[in-house]
Amino acid sequence: MHLTGRFIGLALSACGLLITLTACAATGGQAVNQPGEFTGKIVGPLEFGQPGEGAGLKAYGLELAAPLKLDDKAECGEQTASVLAVESASVAAHVGKTVVLRATPYCRVSRSGKYHLKDVSVR
């Protein structure tokens, strides 16, 4: 069997893609600062952060069906969340209900040092 340079290059590219997809599936994490869909029950409003120091935040929360691992590889680092603060009052009408949110998770260093959801819409 005669292998050409093009065939070997395609094979290596396919292997690289497979390794990348496998690594993403193994981490099970959601990309930070990228929109995604999140399913859970709207709860709250809850206190997030350190209210005694004036840096707290009162917001609705999304209680996730399963814990979610997030890692911005920066200030918030790796955290596993079972409830995420929802930075939108539009979810108030859905308190106690299970919903699917389209939102962007991000690190909110200034108020809680935890991951929150912004740019929220109820699906």
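Accessible areas here come from the Shrake-Rupley method with a 1.4 Å probe, and for residues only the protein chains shown count as cover. On that basis the chain exposes about 7,600 Å², of which carbon and sulfur atoms supply 57%.

Before I go on, this is a predicted model, in which local features need pLDDT of at least 70 and side-chain atom pairs count only at pLDDT 80 or more, while totals for chains, interfaces and linings use all residues. Residues are numbered from 1 along each chain as its sequence is written, and side-chain values use heavy atoms, with hydrogens and water left out.

Let me start with the overall layout. The chain has 1 helix and 5 strands, where helices (H or I, at least four residues) and strands (E, at least two) are DSSP runs numbered from the N terminus, and along the sequence they follow the pattern α-β-β-β-β-β.

How do the strands come together? They run β1-β2-β3-β5-β4 in a closed barrel of 5 strands with mixed pairing, two strands being paired if DSSP finds at least two bridges between them. Neighbouring strands of this sheet are turned by 45° against each other on average, direction ignored, with axes taken as lines fitted to C-alpha atoms, for helices over the stretch in contact, and angles running from 0 to 180 degrees between N-to-C directions.

Now to β5 and its partners. With β3 the pairing is parallel, over 2 bridges; here Ala85 has His116 as its bridge partner, and Val86 stands opposite Leu117. With β4 the pairing is antiparallel, over 7 bridges, and Leu101 has Val122 in β5 as its bridge partner.

Taking contact to mean heavy atoms within 4.5 Å, and not counting residues up to four places away in sequence, Leu84 touches residues including Phe38, Tyr60, Leu62 and Leu117.
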